[in-house]
Amino acid sequence: MPDVTYDYAGRVVAVTGAAIGIGKAAAAAFAAAGADVYLFDIDETPGSQSAAGVGTFMRCDVTSTDDIDRALGTIAESHGRLDVLVNNAGGFGVQRTTAEVHVDEWHRLLQLNLTSVFLMSQRALPLLRNAEAGRIINLGSLAGQVSSYKASPPYSAAKAGVHALTRVLASEVAGDGITVNAIAPSAVLTERIVQLRDESERAATARSIPVGRYQSPEEVAAWVLFLASREAGFATGQTIAVNGGRHMSQ
Ligand SMILES: NC(=O)c1ccc[n+]([C@@H]2O[C@H](COP(=O)([O-])OP(=O)(O)OC[C@H]3O[C@@H](n4cnc5c(N)ncnc54)[C@H](O)[C@@H]3O)[C@@H](O)[C@H]2O)c1
C-alpha cells in the first residue's frame with residue numbers, strides 16, 4: 001500500500017466488480033481507510049470471501065437495472081446517501097480484428113464495459129447528490145486511448161466511451177459538488193492475468209512497458225482513493241493515464 005493515508009471514516013463507498021482484481025484491492029483500501037464499503041459483483045463465492053472483514057457483499061450484475069436498483073436501494077435504506085461510486089466491473093474480450101468480431105460479442109462488451117457505467121451512475125446520482133462531496137471513479141483503459149494497443153475493438157470502443165461519458169457526466173454534476181474522473185490503467189497484474197498469461201508471456205509484456213514491470217492492483221487502488229478524496233475535489237472530467245509509460249511504447 002502507498003504511504004499516503006486517507007480518512008474515509010463515515011463515508012459510504014460502493015465498488016463494482018469487487019470480488020477479485022482491482023475492485024477487490026480498492027474495496028480493501030477503502031475499508032482500511034475507515035469507509036463503509038459495499039462490494040458489488042456477480043460472482044458470489046469470491047465476492048463473499050473478499051468482503052470478509054472489509055464490507056458488505058451484494059450480488060449485483062451491473063448490466064441489470066433490477067439488480068442495480070435493489071443494491072442501491074439497500075444502501076439508500078441504511079445510509080440515505082452514497083459518497084463514492086467506483087465503476088470498476090468490466091472485462092476485455094479475445095483479441096480479434098473488427099472483421100472477426102461477432103455482433104453478439106460487440107453488444108456484450110459494450111453492455112459490460114460502457115452501458116454498466118451509464119446505468120450505475122444514472123441510478124446512483126440521487127444518492128450521490130445527498131453526499132457532501134460525491135465522487136464517481138470509472139475504470140477506463142489505455143485500450144480506449146491508444147489505437148495501436150492490441151485489445152479487442154468492442155473493448156477499446158467501450159473504454160473510449162467510458163472516458164467520454166466521464167467528461168459529459170462531470171460537466172452535468174459539477175454544480176452538485178460531485179466529481180467524475182476515470183483511471184486508464186494498462187497491464188495490471190491481477191489473478192485473472194496470472195491465469196491467462198504464462199510466465200514467459202508476462203515477462204514479454206513487462207519488457208514492453210517503459211517502467212519494465214506490471215502494476216499491482218493496489219497501485220491502481222491508490223489512484224482510486226486519491227480521486228475519491230476531498231483533496232482531489234478540484235479535478236473533474238479527467239482520465240488519468242496510469243500505464244507505466246506504455247502510451248509511448250506501443
Ligand atoms: N487488469 C488490467 O490490466 C486492466 C487494464 C486496464 C483496465 N482494466 C479495467 O479495470 C477494471 C477491473 O479490471 P480487473 O483486471 O481487476 O478485472 P477482473 O477480471 O480481475 O475482475 C472483474 C470483476 O468484475 C466482475 N464482473 C464481471 N461482470 C460483471 C457484471 N456484469 N456485474 C458485476 N460484476 C461483474 C467479475 O466477477 C470480477 O470480480 C475493468 O473495468 C477493466 O477493464 C484492467
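A polar contact is taken here as a pair of N or O atoms within 3.5 Å, where, within protein, one atom must be able to donate a hydrogen and the other to accept it, and where residues adjacent in sequence count only if both atoms are side-chain atoms. The structure is a predicted model, in which local features need pLDDT of at least 70 and side-chain atom pairs count only at pLDDT 80 or more, while totals for chains, interfaces and linings use all residues. Residues are numbered from 1 along each chain as its sequence is written, and side-chain values use heavy atoms, with hydrogens and water left out.

At the ligand, a polar side-chain atom of Tyr 155 lies 2.6 Å from an oxygen atom of the ligand, and a polar side-chain atom of Asp 61 is placed 2.9 Å from a ligand nitrogen atom. Of the accessible area of 840 Å² that the ligand has on its own, the protein covers 92% (Shrake-Rupley method, 1.4 Å probe). The shell around the ligand, made up of residues with a heavy atom within 4 Å of it, has 26 residues, of which Asp 41, Asn 88, Tyr 155, Val 188 and Arg 192 come nearest. By class, this shell has 13 nonpolar, eight polar and five charged residues, Gly being counted as polar. Helices α1 (21-32) and α5 (153-173) each supply at least two of the shell residues, helices being DSSP runs of H or I with at least four residues and strands runs of E with at least two.

Thr 166, which is found in helix α5, is buried, with a relative accessible area of 0% (buried meaning under 20%, with a 1.4 Å probe and protein chains only). The side chain of Thr 166 makes a polar contact of 3.0 Å with the side chain of Asn 138 and reaches the backbone oxygen of Val 162 at 2.7 Å.

The largest nonpolar core has 32 residues, and those with the most contacts inside it are Tyr 8, Phe 30, Leu 39, Val 86 and Ile 183; such a core is a set of buried Ala, Val, Leu, Ile, Met, Phe, Trp, Tyr and Cys residues joined through side-chain atoms within 4.5 Å. The largest share of this core, seven residues, comes from α1. Beyond its neighbours within four places in sequence, Tyr 8 is in contact with residues including Phe 30, Val 84 and Leu 225 (heavy atoms within 4.5 Å).

Key: Buried means under 20% relative accessible area, exposed over 50%, partly exposed in between (1.4 Å probe, protein chains only).
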